[in-house]
Amino acid sequence: MNRQHGALARTSGWCAIAAIAVLMIGCGGQPEVAPPPPPEVTVATPQVRDVTVFSEFVGSTEAYQSVEVRARVQGFLDRVAFEPSSFVRKGQLLFVIEPEPFEALRDRAAANLKSAEAGLRRAESDLDRLEQAVRTNAVSQQEVTRARAERDQASAALLEAEAALTDAEIQLEYTTIESPLDGLVSRNYVDVGNLVGAGEATLLTTVRRIDPIYAYFEVSERYVAQALEQRGGHKNPDRTEEVPATLLLEETGLEIEGRIDSLENTVDAATGTIRLRGVFPNSDAKIFPGFFVRVRLPGELYEDALLVEETALGTDLGGRYLMVVGEGDVVERRYVEPGQLQDDNTRLILSGLEAGERYITRGLQWARPGMPVTPKSTGSGS
């Protein structure tokens, strides 16, 4: 009996607990859950500063000066006096063509000159003698006239002999070929022992001056028109400043500051472009002729421009946008017109944003248009 009474008491206790739970549920006794706070995001205001917009163009480099070194006389190549692909100075010996035949021609011309000089002296002496004799009627006037003619022929022969000697000396000088300028020489295109100058001026090598170096590139006629408008025209007497330019080599990240020194005088009607030339220092020879490069030119100046962090910009079918925190800390998707990316990884904003407005830089994954957020400011970007 005692064991039955104990079991009955435990059963009654559990029933009482269950009844209390049912009453609590029935009376709405479950505790309410508070809604989560708005997500925290980091915001910033646009930087405000003057910005110059740059334009970049693709071009190629060319030597500042380039000369083809050719044989100007015929003969066998006797010597190559330079190392291929080395820097040479103006007047430095490059090649020697066998000089012996031209030395012989020079000596023969020198001998002919001496003979012509002697002939002239003899003719002048004969003329003097006959002019004195004609005064006493010892000779006829006809003989004097003939002596004058012989004197003139001897004088002409002397001039011809002098010219022949000069030509022979020039031909002899052409057998030693020197560099016409300071620059980088190529390889020798002809080996020693080959006949050069036979029927044509044989190309022996090339020398190119690459310091400074040129970069040629094409720009649109619209760009040129806008640039000339800003500068007051090409013939503006007050336009004394040079147009700066930067040469960029993508393979190495090299940047060289230079200037524009040439503008073609006509626009290509087929392409609507005009050719410009920039000149850039290249003392360390890091740029060779024929490189494909980019040339950066300064364009329009935007005063008090707005700039935002590039990472804050999003893109969808509507274009580029920022998540802006407006009144009541509510998020708004704001479409903007972006400009050029700057070196500090900020983006110029041309329209769609006002100075002092807050845009989200961190926590974009939590921001939804029309939803409130808890903004955490990083300070003014101005």
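E143 is partly exposed because its relative accessibility is 29%; partly exposed lies between buried, under 20% relative accessible area, and exposed, over 50% (1.4 Å probe, protein chains only). E143 forms a salt bridge with R146, with the closest N and O atoms 3.9 Å apart. Such a bridge puts a side-chain nitrogen of Lys or Arg within 4 Å of a carboxyl oxygen of Asp or Glu. R146 and E143 are three residues apart in helix α3, so about one helical turn separates them.

Helices (H or I, at least four residues) and strands (E, at least two) are DSSP runs, numbered from the N terminus. Among the buried residues of α3 are V144, A154 and L165.

## Basis of the model

This is a predicted model: local features need pLDDT of at least 70, side-chain atom pairs count only at pLDDT 80 or more, and totals for chains, interfaces and linings use all residues. Residues are numbered from 1 along each chain as its sequence is written, and side-chain values use heavy atoms, with hydrogens and water left out.

## Other salt bridges

The structure holds 22 salt bridges. D261 forms one with R277, the closest N and O atoms being 3.0 Å apart. D261 is in strand β11 and R277 in strand β12, 16 residues apart. R277 is buried, with a relative accessible area of 18%.

E56, E250, R294 and R296 are linked in a salt-bridge network.
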